Amino acid sequence: MHKFIHSFTVLSLLTCGRVSATPVNTSTPNIIIMLMDDMGWGDLGVFGQPSKETPNLDKMAAQGMLLPNFYTANPLCSPSRAALLTGRLPVRNGFYTTNGHARNAYTPQEIMGGISSDELLLPRLLKKKGYVSKIVGKWHLGHRPQYLPLEHGFDQWFGAPNCHFGPYDSSKTPNVPVYNNSEMVGRYYEEVKPHSDLPEALSFIHQQSVSQQPFFLYWAPDSTHSPVYASKSFLGRSQRGRVGQVLSWLSVLGIEQNTFVLFTSDNGAAVMSGPNQSGSNGPFLCGKETTFEGGMREPAVAWWPGHIPEGSVSFQLASVMDLFSTSLSLAGVPLPDRTLDGLDLTPILLHSRPDNNSSLADRPIFYYRGNQLMAVRLGPYKAHYWTWSNSLEEFKLPLHQEDLSYHF
Ligand SMILES: [Ca+2]
């Protein structure tokens with residue numbers, strides 16, 4: 001109950017104007033990565049989709065930088081998230097599968113494995129500069145105790161190891177557990193509703209603002225992943241508001257000029273769940289699970305008032321893996337001594353000088369599924385080496401067998 005009272009207080013402050021300003025400390029700016037789930041490139045109004053209304057994201061882009069050529073490292077949740085947090089391709093960090101040619105790694109609720117303990121995740125490295133890190137939302141890098149977020153550098157966690165699948169009514173498939181740090185506090189649809197993450201994020205930001213410790217918030221709500229619901233306050237309305245509430249909260253606390261925010265998605269819209277349970281990939285072909293543009297190209301907006309030029313657009317080829325190196329650069333933490341696939345985007349984000357950095361201008365984007373290199377993009381060109389489609393034998397399988405082949 002205490003948590004909900006505190007969350008209510010935090011939300012109430014949003015309407016009460018600015019509170020005391022925290023001194024700007026750009027040497028260790030706060031870092032917020034907003035990672036949506038299965039949101040497509042075409043789901044943002046700012047990209048021209050006429051049937052989408054995303055006023056807060058459009059405003060975020062107007063105040064920051066739009067990145068139309070931003071990519072994931074894999075068109076499925078788990079390997080994409082592993083790549084973001086390690087700065088490495090799934091074939092390098094080990095989060096991939098080879099069973100089923102060019103299928104994707106994925107962590108269903110009954111999986112035994114998870115992210116390797118040999119991998120260095122972003123929050124662990126940020127700790128070198130005193131950052132306090134919290135993940136709010138979906139983890140999806142393994143649900144066994146040794147794979148959970150607090151074992152890999154996060155200080156706090158509120159969320160679930162998997163999607164909000166269900167609701168289930170069978171004891172054979174119970175609903176997904178939800179954790180507060182290392183303690184399970186309930187299950188989706190039973191004790192916890194899928195839309196419970198925002199107060200946790202706002203409360204964490206407030207706590208860190210008061211303590212004046214730099215923070216890393218990895219906000220990974222999975223509300224845009226099917227099954228899709230609308231909470232009562234948004235039912236029947238197309239306009240969302242949660243991103244706007246986070247940004248407004250930074251302004252209320254007076255830390256907006258000391259907080260770097262990057263909004264993106266883990267993979268393209270799941271057009272196979274359409275039309276009612278899927279987003280839009282705009283003009284791009286196919287979607288989630290594929291290495292066509294609809295599966296790999298993600299909406300992306302960078303925001304840092306006073307540092308990122310307002311209303312700017314960069315066509316730099318960029319990747320979720322760049323968020324690893326970029327965050328370390330912003331925090332002043334040296335890159336770890338290992339092969340990384342992400343690049344430091346700060347020359348693009350902070351100065352808009354892509355022509356001055358040839359290493360960024362010439363970088364390729366690799367499209368993998370499993371350990372199969374499917375395609376490469378370099379500059380305006382994309383080469384497809386291999387594509388995947390269902391076999392005739394698979395189409396003949398009963399539906400439940402087809403689902404199993406998808407998972408593994
Ligand atoms: Ca996803």
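Reader: How many helices and strands does the secondary structure of the chain come to?

Author: Helices (H or I, at least four residues) and strands (E, at least two) are DSSP runs, numbered from the N terminus. Here the chain has 13 helices and 16 strands. This is a predicted model: local features need pLDDT of at least 70, side-chain atom pairs count only at pLDDT 80 or more, and totals for chains, interfaces and linings use all residues. Residues are numbered from 1 along each chain as its sequence is written.

Reader: What share of the residues count as buried?

Author: Burial is a neighbour count. A residue is buried if 20 or more other C-beta atoms lie within 10 Å of its own, exposed if 12 or fewer, and partly exposed in between; C-beta atoms are placed from the backbone. Of the 408 residues of the chain, 49% are buried.

Reader: What part of the contacts joins residues 24 or more positions apart?

Author: Two residues are in contact if their C-beta atoms, placed from the backbone, lie within 7 Å. Take the contacts in the chain with a separation of 6 or more: 66% of them are between residues 24 or more positions apart.

Reader: Which residues have the most contacts inside the largest nonpolar core?

Author: A nonpolar core is a set of buried Ala, Val, Leu, Ile, Met, Phe, Trp, Tyr and Cys residues joined through C-beta atoms within 7 Å. The largest one has 102 residues, and Met-34 and Leu-217 have the most contacts inside it. Not counting residues up to four places away in sequence, Met-34 touches Trp-219, Val-243, Val-261, Leu-262 and Phe-263.

Reader: Leu-217 is named there. Which residues is Lys-134 in contact with, leaving aside its neighbours within four places in sequence?

Author: Leu-217 is one of them; the others are Phe-154, Asp-155, Gln-156, Trp-157 and Phe-204. Lys-134 sits in strand 4 (residues 132-138). Its C-alpha atom is 5.6 Å from that of Phe-154, 20 residues apart along the chain. Lys-134 counts as buried because it has 25 C-beta neighbours inside 10 Å.

Reader: How is a pair of packed helices read, and at what angle do helix 2 and helix 7 pack?

Author: Two packed helices are described by the angle between their axes and the distance between the axes. Axes are lines fitted to C-alpha atoms, for helices over the stretch in contact, and angles run from 0 to 180 degrees between N-to-C directions. Helix 2 (residues 55-63) and helix 7 pack at about 45°, with axes 7 Å apart. Helix 2 is therefore oblique to helix 7. Angles under 35 degrees count as roughly parallel, over 145 as roughly antiparallel, 65 to 115 as roughly perpendicular and the rest as oblique.

Reader: Is the crossing of helix 2 and helix 7 left-handed or right-handed?

Author: A crossing is left-handed if the near helix is turned anticlockwise from the far one by less than a right angle, and right-handed if clockwise. This one is left-handed. Asn-56, Leu-57 and Met-60 in helix 2 meet Val-243, Gly-244 and Leu-247 in helix 7. By class, that contact has 4 nonpolar, 2 polar and no charged residues. Ala, Val, Leu, Ile, Met, Phe, Trp, Tyr, Cys and Pro count as nonpolar, Asp, Glu, Lys and Arg as charged, and the others, Gly among them, as polar.

Reader: At what angle do the axes of helix 6 and helix 7 cross?

Author: The axes of helix 6 (residues 198-211) and helix 7 (residues 242-252) cross at roughly 15° and come within 10 Å. The two are therefore roughly parallel to each other. Their crossing is right-handed. Leu-198, Ala-201, Leu-202 and Ile-205 of helix 6 make the contact with Arg-242, Gln-245, Val-246, Trp-249 and Leu-250 of helix 7. These divide into 7 nonpolar, 1 polar and 1 charged.

Reader: Which residues of helix 7 are buried?

Author: They are Val-243, Val-246, Leu-247, Trp-249, Leu-250 and Val-252. Just after helix 7, Gly-254 takes a positive phi of about 75°.

Reader: How many residues of helix 3 are buried?

Author: In helix 3 (residues 77-86), 10 of its 10 residues are buried. What covers them includes strand 1 (30-36), helix 4 (90-93), helix 5 (122-126) and helix 9 (322-331).

Reader: Where is a cis peptide bond found?

Author: One joins Gly-166 and Pro-167, with omega about 0°. Pro-167 lies in the loop between strand 5 (156-160) and strand 6 (177-180). The bond from Ser-226 to Pro-227 is also cis, omega near 0°.
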